[in-house]
Amino acid sequence: MTYQNNFKRYEKKYLIDEKQYRDLIALIYCKLEYDRYKKYKICNIYFDTPQFDLIRESIEKPLYKEKLRLRSYGTPDSEDFVFLEIKKKFDGIVYKRRISLPYRQAVDYCINGNLPETHNQITNEIDWLMSKYQLYPMLYLSYDRLAMRGIEDPELRITFDSNIIWRVNQLDMTKGDFGNVKMPSGQYIMEIKTNGAMPLWLSGALNELAIYPKSFSKYGTIYKEELFQNMLLEEGGFCCVE
């Protein structure tokens, strides 16, 4: 299985409505092409402490922050390959490091501490992060993604995410995609990912349509608007592992 396991790039997020989405696509379509899979569902399990320390710290917008998640493209079977990812952000630059392994092995590694057959620098970093924070699976979060890339610059990626679903119980990806709906229909989280400066044709299109960056964390929004309220009802927080 061939995949990229290291990323370093700039990422900017925008919250747009249906009209902005359609108008923007019409303006920049000739500069873009769909990536290999075009449209797909992304499913994630986010790891955190029982008191959600990682996401609480992230919401404060520190200079440096990090997270650990398990990611699949579509609902996996036990032997389907998934990604275990560390995502870090420092001074505006996003770094992502990941390994790929069958879902069954990923769960055995994260929950039971049984190391995968392939052990490398990235698994060392995952081990350190798990040990440092005593992390547990705390949130399932999925969404639909439309992904495009630049024709002249394939490293330029623009993604549009919609239909966010989340849950804090039955945190097993093989059980399927179900839970609470977070995002209203007709809204998109647009993310522009570049290795450097944004192309002039793209920044011009954004200015023409009055589309401006807006910080938006899917996990952070769910924590602030849903999970934090539940924690107030429970002494010492709660652990969502079942």
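Reader: What makes Glu125 and Arg97 a salt bridge?

Author: Their closest N and O atoms are 2.9 Å apart, and a salt bridge means a side-chain nitrogen of Lys or Arg within 4 Å of a carboxyl oxygen of Asp or Glu, so the pair qualifies. Bear in mind that this is a predicted model, where local features need pLDDT of at least 70, side-chain atom pairs count only at pLDDT 80 or more, and totals for chains, interfaces and linings use all residues. Side-chain values use heavy atoms, with hydrogens and water left out, and residues are numbered from 1 along each chain as its sequence is written.

Reader: Why is Glu125 called buried, and why is Arg97 called partly exposed?

Author: Buried is under 20% relative accessible area, exposed is over 50%, and partly exposed is in between (1.4 Å probe, protein chains only). Glu125 has 17%, so it counts as buried; Arg97 has 24%, so it lands in the partly exposed range.

Reader: How do you know that Lys132 and Glu66 form a salt bridge?

Author: The closest N and O atoms of Lys132 and Glu66 are 3.9 Å apart, which is within the 4 Å limit, so they pass.

Reader: Which of the labels, buried or partly exposed, goes to Lys132, and which to Glu66?

Author: Lys132 sits at 45%, so it's partly exposed. Glu66 is at 11%, so that one is buried.

Reader: What about Arg145 and Asp161: what makes them a salt bridge?

Author: N to O is 2.7 Å for Arg145 and Asp161, so they meet the 4 Å rule. Both residues are buried.

Reader: How many salt bridges does the rule give?

Author: The count comes to 19.
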